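I opened my notebook for a friendly walk through this model. Here is what I looked up, entry by entry.

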Amino acid sequence: MDDFADNIQDADIPEELPMMAVRDVVIFNYMILPLFVGRPGSVSAVNEAMNGNKMLMLVTQKEAVSDKPTPDDLYETGMVVMVMRSLKLPDGRLKVLVQALSKAKITEYKQQDPHFRVGIALVEEEETGEITVEVEALMRLVREQAEKIMSLRGILSADLMGIINSIEEPGRLADLVGSNLRLKVSESQKILETVDQVERLRLVANLLNKELEVAAVQAKIQSDAKEEMTRSQREYFLREQMQALKKELGDDDSYTEDIEDLQKKIAKKKMPKYARKEALKELKRLEMMHPDASEANIIRTYIEWIIELPWKKISKDLLDLVKAAQVLDEDHYGLEKVKERILEFLAVRKLNNSTKGPILCFVGPPGVGKTSLGRAVARAMGRKFYRLSLGGMHDEAEIRGHRRTYIGAMPGRILQGLKSAGTCNPVFMMDEIDKIGSDYRGDPSSALLEVLDPEQNNTFSDHYLNMPFDLSKVMFITTANRTDTIPGPLMDRMEVIQIAGYTQEEKKVIARTYLLPRQAKENGIRLRQIKMDDEIIDLVISHYTEEAGVRNLERELGRICRKLARKIAEGGKGPYTISKNTVEKYLGPPKFLPDAELDTLAQPGLAVGLAWTSVGGVLLHIETSIVPGKGKLILTGKLGDVMKESAQAALTYCRGISKELGVENAYFDNRDIHIHFPAGAIPKDGPSAGITMTVALCSAITGQTVKKGIAMTGEVTLRGRVLPIGGLKEKALAALRAGIKQVIIPKENEKDLVEIPEEMRSKLTFYPVKHMDEVLALTLGSFKKPPEQVKA
């Protein structure tokens with residue numbers, strides 16, 4: 001190697017050499033460095049040098065991006081080098097080792113293809129002469145600054161400092177230090193082009209000073225960052241090192257596979273652009289985190305929710321109206337109004353595919369089949385079904401979800417239901433919407449305003465998801481026992497369909513067609529092993545149940561089936577006939593005796609009213625007693641404010657017609673009137689018992705008994721006018737169940753009789769009245785001529 005260096009120093013450098021452009025590096029005197037040569041022109045220049053005297057002119061490009069530089073793209077001053085070694089790589093590139101010989105300047109471009117060939121002029125270094133004190137101080141300063149910078153950068157070595165300290169020539173020291181600094185190409189080129197050695201060293205000292213300041217600030221920033229590093233960050237770096245060790249040991253990198261799997265799912269999933277953008281953004285964050293980091297699980301869960309939501313997955317509707325009607329009839333008997341509305345929606349859907357999903361509200365007493373009807377609607381339409389119970393819900397987050405900043409945050413029940421259903425257009429049933437609560441955690445009914453509004457729910461925003469989700473294709477069905485507890489704005493968004501209940505005949509058909517076969521199957525017996533005629537079913541309905549629906553009826557039939565199942569399990573073969581004598585054996589003594597109860601009402605001061613409650617229509621047995629006292633009105637039976645006011649109005653009306661009743665005004669001053677509603681544990685309220693209380697009062701005052709088999713409903717005023725009421729169908733059903741055949745109703749409710757099935761109307765006689773005089777004529781046989789009866 002020493003002989004080779006001597007030959008280099010003694011070599012004569014010709015005035016014309018092949019030239020190669022280099023990028024991002026400036027070569028100084030005495031440097032030895034490897035170069036990778038890949039451009040065709042550069043490879044050609046190296047080959048010519050290797051075939052000749054091995055000398056090559058190297059100059060630096062002004063801009064590194066140019067692959068085919070022109071003379072204007074190159075600096076004029078460069079370095080003549082000797083190619084010491086050359087190795088051809090498999091990819092066609094050359095790896096060469098070169099040593100700088102002398103600084104030179106291009107005088108002329110003699111050739112540009114296939115490579116540059118240039119005329120050069122050597123640049124002679126100016127002699128420094130004797131080293132002055134100033135130059136010596138400058139050299140020491142450069143050495144000290146170079147040592148500090150290399151120490152701050154962590155590249156300080158004893159060998160390198162030994163070389164720097166051994167150099168006594170200012171120019172050579174400047175070249176060595178400048179070549180080891182991370183300078184810009186323009187700054188390094190400026191050092192190369194400075195001929196005066198002392199001036200060159202001074203330039204390097206200035207650059208060193210600047211780099212030293214930058215390195216000091218950088219070291220301070222790094223130090224501050226290390227001090228602020230939290231425990232979790234330190235653990236992150238340690239885990240990264242552990243992962244690296246595991247990878248070196250050949251352990252499987254399942255985390256990377258999980259990231260790739262999520263990326264494939266996002267690419268495959270059909271979703272809006274904004275959802276895909278958000279998912280990819282969070283996936284990129286997840287990829288940068290350690291799998292054991294707490295936030296990584298939160299982000300992963302969020303991404304999985306985005307992937308699993310049915311953004312654009314739609315189930316195809318069955319638009320065959322005949323088949324849909326058959327499905328509805330298979331599952332439910334009667335309920336024609338509801339079925340008609342569903343078939344209307346399917347007809348519109350068939351003609352207009354872009355129609356929005358309806359928002360229906362089934363209102364009726366328990367056991368009439370509201371929830372099962374929603375399931376039947378889904379089956380008839382060929383859609384998925386999901387049921388959500390709103391009863392007792394207090395937290396708004398149950399609807400809108402929790403924000404992701406909370407631990408254990410999840411989407412609301414709406415999006416959870418859609419994920420469970422797997423499509424974006426299921427039949428979504430919300431049970432018990434009339435029993436939603438509200439407290440300090442929010443008002444769920446207010447959150448439902450957006451969900452159940454067709455004009456808003458196409459951009460429903462869940463707090464967890466934090467992006468719009470289209471609910472306009474969902475068919476929402478809500479259920480309620482009553483509407484007075486539902487907030488007005490929420491009620492306004494729903495199409496209410498009343499389901500009043502079933503008549504005796506309807507219950508009998510339902511029991512025979514649906515309930516008995518289902519209970520027989522559930523209890524493991526065959527239907528042919530039970531013999532129960534319609535008379536026995538009628539007996540069970542009238543003496544063991546008193547309800548608008550059929551829930552208790554099914555329960556009683558289930559009791560019978562269980563008794564028979566035990567007999568069969570003990571070896572009996574059947575069939576078993578259920579008769580009047582065996583019903584009590586299976587079900588116990590009758591729970592309700594409607595006819596016997598009505599016989600006890602033939603006393604003055606007793607009247608039968610009709611009321612509507614959340615469990616359907618019921619009978620109100622009002623008792624009135626007049627005793628000596630001071631003119632007080634006593635009301636018992638857990639009455640609400642409205643009902644108390646109705647009692648006051650009834651009393652005032654009776655005082656106003658005291659002469660017609662055959663008493664003086666002073667009669668009311670020295671007597672207390674006590675009006676009692678039996679079943680005192682049950683709250684009662686509403687104005688519809690007004691005329692019944694008035695009749696009971698008049699009956700008690702006159703001593704006349706109310707005619708048997710007649711019930712009444714209507715609000716009374718101080719002048720005796722009878723005002724309309726609600727829930728007429730439910731009240732008529734209650735009268736029919738109790739065996740009452742005559743019903744007094746307000747005249748303004750006569751138009752509502754068309755809502756009552758023909759079968760019911762044929763068994764009842766309705767008396768529409770405008771004034772209490774007509775009511776008293778019908779019930780007590782006094783005053784004006786009674787109104788004409790209305791019967792189907």
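**Second largest cavity.** I started with the lining of the second largest cavity, where α3 gives the most, with four residues. I then looked up which elements give two or more residues to this lining, and found α3 (133-153), α4 (158-166) and α5 (170-180). Helices here are DSSP runs (H or I, at least four residues) and strands are runs of E (at least two), numbered from the N terminus.

I noted that the model is predicted: local features need pLDDT of at least 70, side-chain atom pairs count only at pLDDT 80 or more, and totals for chains, interfaces and linings use all residues. Residues are numbered from 1 along each chain as its sequence is written, and side-chain values use heavy atoms, with hydrogens and water left out.

I wrote down the cavity rule next: on a 1 Å grid over the protein atoms alone, a cavity is a set of points where a 1.4 Å probe fits but cannot get out, and lining residues have an atom within 4 Å of a point. A volume is the space filled by probe spheres set on the points, which are joined across faces, edges and corners. I counted three cavities of 30 Å³ or more by this rule. Eleven residues line it, and A146, M150, V177, N180 and L181 lie nearest its centre. I sorted the lining into nine nonpolar residues, one polar and one charged. For that sorting, Ala, Val, Leu, Ile, Met, Phe, Trp, Tyr, Cys and Pro count as nonpolar, Asp, Glu, Lys and Arg as charged, and the others, Gly among them, as polar.

**Aromatic pairs.** How many aromatic pairs does the structure hold? I found seven. Rings of Phe, Tyr and Trp (its six-membered ring) pair if their centres lie within 6.5 Å; planes under 30 degrees apart count as stacked, over 60 as edge-to-face and the rest as tilted.

I looked at W311 and F469: their ring centres are 5.0 Å apart and their planes at 45°, so I logged the pair as tilted. W311 sits in the loop between α11 (294-308) and α12 (321-331) and F469 in strand β11 (residues 468-469), so this pair ties together parts 158 residues apart in sequence. W311 is buried at 9% relative accessible area, and F469 is buried at 1%. My cut-offs were under 20% for buried, over 50% for exposed and in between for partly exposed (1.4 Å probe, protein chains only). With Y274, W311 and F469 form one aromatic cluster.

**Charges over rings.** I listed two cases, taking a charge as over a ring if NZ of Lys or CZ of Arg is within 6 Å of the ring centre and within 35 degrees of the ring normal. R172 lies over the face of Y30, 4.1 Å from the ring centre. K419 lies over the face of W305, with 4.1 Å to the ring centre.

**Single residues.** I checked R200 in helix α7 (residues 197-228). R200 is buried at 1% relative accessibility, and its side chain reaches the backbone oxygen of T194 at 2.7 Å.

Y109 is partly exposed, at 26% relative accessible area. Its C-alpha atom is separated by 7.8 Å from that of P71, 38 residues away along the chain.

Technical notes
On a 1 Å grid over the protein atoms alone, a cavity is a set of points where a 1.4 Å probe fits but cannot get out, and a pocket is an open set with protein on both sides within 12 Å along at least five of seven lines; lining residues have an atom within 4 Å of a point. A polar contact is a pair of N or O atoms within 3.5 Å; within protein, one must be able to donate a hydrogen and the other to accept it, and residues adjacent in sequence count only if both atoms are side-chain atoms.
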